[in-house]
Structures are given as C-alpha cells and as structure tokens.
Amino acid sequence: MGLKIKSRTLNLSHDIPVERLKPYWEGLSKGVLMATRCETCGVAFYPPQVDCSQCLSSDNIKWVEAGETGTLVTFTESHLKPQGFEQYAGNYIIAVVETNKGLKVAGWVIDAAIEQLQVGDRVGISTAILSDGFPSIRFTPIKPE
Amino acid sequence: MPKVAVVGVGNSRFGRRDDAILQEIAFEAVREALQDADLSQKEIDLSVVGTVGSRSYEALPAGPINDYCGFSDKGPIRVEAACATGSAALFTAHNSIACGAADTAIVIGAEKMTEVDIPTTTAVGGRGGSYLWEFHMLGTSFAAYYALYATRHMSKFGTTPEDLARVSVKGHKYAAMNPKACFQKEIKMEDALNSKVIASPLKLYDCCPVSDGAAAVVLASEDKVRKAGLKDPVWIDAIGYGADTSNLTRRSDYVGLNASVNAAKMAYDTAKVGPEKVDVATVHDCFTIAEIMAYEDLGFCPKGKGKDILRDGETEIGGRIPVNLDGGLKAKGHPLGATGVSMVYELTKQLRGESGKRQARLRNNIALAHNVGGHGFSAYVTILRGP
C-alpha cells in the first residue's frame, strides 16, 4: 500500500421543499399512501407529481389513495447497509407491489421472513414514521383464509 | 450519415487501484490509444470525457483529466449517463464527427470508485434511481435494484441460482485470460453458490466489483482515415439508444429492460443487420441476471430463454454468439465511465483479430456492445464492423 492523504470532508445534507407534495408526506404519517391523478386526461401518477406530463396541465391534479392492499410483484432482502441506514437492525426486504387501485408502489415487507414470500402473495399496505423520524411504506403479508 | 471509425484504443488495468489517482489512470488508457492510432494530441480536435464522478473528490473531473492527458485545449464537454456514461461519451464524439464539427476525437472514460468506503459507495449507487421515492425510504442499493429483476425473472421463467452462477464462472474464466481484468482467477460453481448474500437472490459472485479504471478510443472521419492513411479502421455502423423510467414502480414489468430492447432495435435497423450476424458481443453484466436478460433483450434468444443458451454454451468461445470474452463487468470490473469505452476497446481488438486465446471466430466481421445506464433507465447498443 503506497502513500495516501485524506481529502477535506464534504457533508451533503439537503433541506427538501416538498410543499407541493404535502398530502403525500402528511399521508405517510397518517398511515395512508397517496398518489395523484390528472382529472383532465385521467392519468394516475405514483410516485405522485403535481404537473401532468401527458397533457401538460397542472390545474386538475387530484390527490387519491394509492391503495390499501396489493400483490407482490417482486422483492429482495438487502444485506447491504448504505450510508444513512446503519441505524436499522437486521436486513430489510424491499418489494414492489401492485395495488388494488392498479398502481405499482415500492416499500418494505414487514412481519415476514424472505423464505415465506412468493411473487403474487397478497399484502396489506400501510405507512409509518420510524423512530428516527424517517417515513416508511410497509407491506404486511395477508394470510390466505 | 457520414462514416466514423475507431482508429485507436487503450485500456488501463481495471480493479482496485490504490496505486494511482484518477488522471493517472486515465493517462494509461489515453497513451495506449494515441500510440495505437499513431496520432498525437495536436491531431485530435475534440476530447469527450465520460465520468459519473459522484464518488470523486473532484466535483468536475473532466478538466483535471484533460489537463493531465494533454487535452486542456480540446475538452469542452463532460458526459454522464450513469453506468452507460462511456457509451454516451462515444455517442457524443461520434455525432460530433458525423455532423462535421470535428474530424477526430478522443473519448476518455474514467472512474475512481474505491476511494470512499463501502457504505458510502453503496449509498451513492443506491441513489441511482429516483431518490425521494426510492432511496429515501427503501435504502436501495444497486444490487437490490437488479435483485428485484432477478426475483421476478426467476419466478416467471425458472431461471435458477445455478444459472446466475454460470454467468459468474464464465466471466471469471475469461477475466483470468485478460491481464487488464480485475479478477485474475477462475472460480467454480460452488464458490459462486456458496458466497454470501448481498441482495437476495444475488450473492457476492453475482455482483460486479466496485472498480477503478479507464479506457480511451480515438475516432476519425472516413475522410481523415483515408487522407492520413490510418490503419485497420473499425467502423461504427450504428449507435442505438433507448431509455425508460427512473422510477422503478413506473415500469411495466421486471424481467427485461425496455431501454435495451429499443436501443437494440435502433442499432440493428441502422446497421441493417440482425442479431444472427453478430460474431462477438459485450453485454452489460453488472449483475449476473443482467447478462441473462441482455441475451433476451438483444434478440440472441427469445424472452425467458437466456438461461438455455447459457447452459448450452452458446455464449462461450466456439458457441453461436460469444459474449463478454474480456470477463465482462462481472469479472473485468465496472468503473462506470470507463465501461462503455472499454467495451469498444475489447471489440476493436476482437475485430482486428488481436485477442489471442480469447479470440472469437469472425464470420461476418460484426461486433455488438451493449451498455446500460442505471437500473435500465438508459441503454446504448453499438454495432462495430471490422476492417
């Protein structure tokens, strides 16, 4: 190993202005996952956006619920902890779910082991604020009756 | 469109390069490319630097790279397209020549990724989708993004962990024959299958290494090739491009990359060839599942059959369409900005018949490079024709 020197530290921490997306971020703390829909052309957006990229209108955007249940489209258990996620114990399961409203959303599967999961499984969708203040989208497996 | 040729290629050693800073590694590739082309800096009109740079202490790395390599008066542009940065830089330089804005250009792809720690590099990569809706809440990594594709592909088509391991074994086999590759040893199926899980179902040996490295190619117009008598030109017959959503949840499915399909269609149409004419290819195997999906997306086989042509050895030397004979991203390494340029380095050597024991048999003199940006939000497919 040859000579190395330390760089000057650069800390990047952003204050993100999400005022226009307030219903989404408020929904996360109330347990409801929100999306938007353009009433002019009918296109639904998840993630939500307040301008319609299809008809270029921003006048008729309505906030709608993204769904309360859905099916697992795909999932992975991450054994990596990127910077900013070191505080969470254990691995976490990232999944994409197709909701009962026909939108695809991404979140964490909770209350399940990776071995128990299969593509197509039904899940309930909820949200929560974690102890460190960050929001979380949660999928909980629904056991077949 | 006026014809553009690759007239010189260079490639640094890939891997963990604790021995050098970014511009020194770029220089290794630039010197080799200039010497290969038998041209000096003063005969190059334009330098296009491809570097992602988000792990660098240099906020704007192109300037220092150009200075160090003798192109301080030739480098007005830095190009970024995530992991497809190298191909985007090639596209930019190619188009500059094709439209007559330059007669000659150098494309320098360079990346230093190992100077920050693993949680930091994981976080930078994990922010490669759409931050607010993905990394912020999910803690994505790049492995996790491709793992989501792997789970779906395996569920739908019966692709197995052994199939993923086969890609890794193949990559290591050829990397061991490539002195510029990161990994210099072969591995066995068990090594791959028994390696630790990174993002299920992807294990350590399913993932390309975090790497440093550089590659450079010199391009010239047909006119310049003729007038300067440049040797063994490899012609760029097409550069097709495609794109898809940055938000993963806005994709229709997770078993292939629409960006690749569209880029390939454009490239085949422009070059007026089909996949059956391709003698040798480099595909974007940042994770093993990506190579299997690439076979399908590029039309080497129907969707879902990637595992079958892999099992049958069709993508090995002697097979129907040898793929990643340089070791691929998986085993050669994947320094983001360098990768697409390094693919052209490899295929130029192949088309000139200079690849030694890794040489593919040339029937049609056609090679294909496939380079994906991010988790599939961009892709470039380049078709090259030998001298």
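In chain A, 11 residues of domain 1 are in contact with 12 residues of domain 2, two residues being in contact if their C-beta atoms, placed from the backbone, lie within 7 Å. The largest share of the domain 1 side of this contact, three residues, comes from helix α1 (residues 22–30) of chain A; helices (H or I, at least four residues) and strands (E, at least two) are DSSP runs, numbered from the N terminus. By class, the side of domain 1 that touches domain 2 has seven nonpolar, three polar and one charged residues. Here Ala, Val, Leu, Ile, Met, Phe, Trp, Tyr, Cys and Pro count as nonpolar, Asp, Glu, Lys and Arg as charged, and the others, Gly among them, as polar. Domain 1 of chain A covers residues 20–66 and domain 2 covers residues 67–145, with bounds that come from an automatic or database domain assignment. The C-alpha centres of the two domains of chain A are 22 Å apart.

The model is predicted, and local features need pLDDT of at least 70, side-chain atom pairs count only at pLDDT 80 or more, and totals for chains, interfaces and linings use all residues. Residues are numbered from 1 along each chain as its sequence is written, while chains are lettered from A and ligands numbered from 1 in the order in which they are written.

Within chain A, A:A128 lies in strand β7 (residues 122–129). A:A128 is partly exposed, with 15 other C-beta atoms within 10 Å; a residue is buried if 20 or more other C-beta atoms, placed from the backbone, lie within 10 Å of its own, exposed if 12 or fewer, and partly exposed in between. Not counting residues up to four places away in sequence, A:A128 touches A:S136 and A:R138. A:A128 and A:L28 are 100 residues apart in sequence, yet their C-alpha atoms are 6.2 Å apart in space. Elsewhere in chain A, the peptide bond from A:Y46 to A:P47 is cis, with omega near -5°. A:P47 is placed in the loop between β2 (44–45) and β3 (61–65) of chain A.

The contact between the chains takes 31 residues from chain A and 31 residues from chain B. On the chain B side, the elements that give two or more residues are α4 (118–126), α5 (135–138), α6 (142–157) and β5 (197–199). The most is given by α6(B), with seven residues. The chain B side divides into 15 nonpolar, 12 polar and four charged residues.

Helix α6 of chain B also holds B:M154. B:M154 is buried, with 21 other C-beta atoms within 10 Å. Leaving aside neighbours within four places in sequence, B:M154 is in contact with B:T159, B:T160 and B:P201. The C-alpha atoms of B:M154 and B:V255 are separated by 8.6 Å, although the two residues are 101 residues apart along the chain. B:P201 is joined to B:S200 by a cis peptide bond, with omega about 5°, and lies in the loop between β5 and β6 (202–203) of chain B.

Helix α14 (residues 336–351) of chain B has 16 residues, which should span 22 Å at 1.5 Å a residue, the expected span being 1.5 Å times one less than the number of residues. The end C-alpha atoms of α14(B) are 24 Å apart, which agrees. Because 16 of its 16 residues are buried, α14(B) is largely enclosed by the rest of the structure. B:G353, which follows α14(B), has a positive phi near 75°.

Helix α3 (residues 85–98) of chain B packs with α14(B) at an angle of about 60°, with their axes 5 Å apart. Axes are lines fitted to C-alpha atoms, for helices over the stretch in contact, and angles run from 0 to 180 degrees between N-to-C directions. The angle makes α3(B) oblique to α14(B); angles under 35 degrees count as roughly parallel, over 145 as roughly antiparallel, 65 to 115 as roughly perpendicular and the rest as oblique. The contact of α3(B) with α14(B) has six nonpolar, seven polar and no charged residues. Helices α7 (residues 161–175) and α11 (residues 288–297) of chain B pack at about 95°, with their axes 8 Å apart. That makes α7(B) roughly perpendicular to α11(B).

B:K272, with phi about 55°, is exposed, with 10 C-beta neighbours inside 10 Å. B:N324, with phi near 55°, is buried, with 28 other C-beta atoms within 10 Å.
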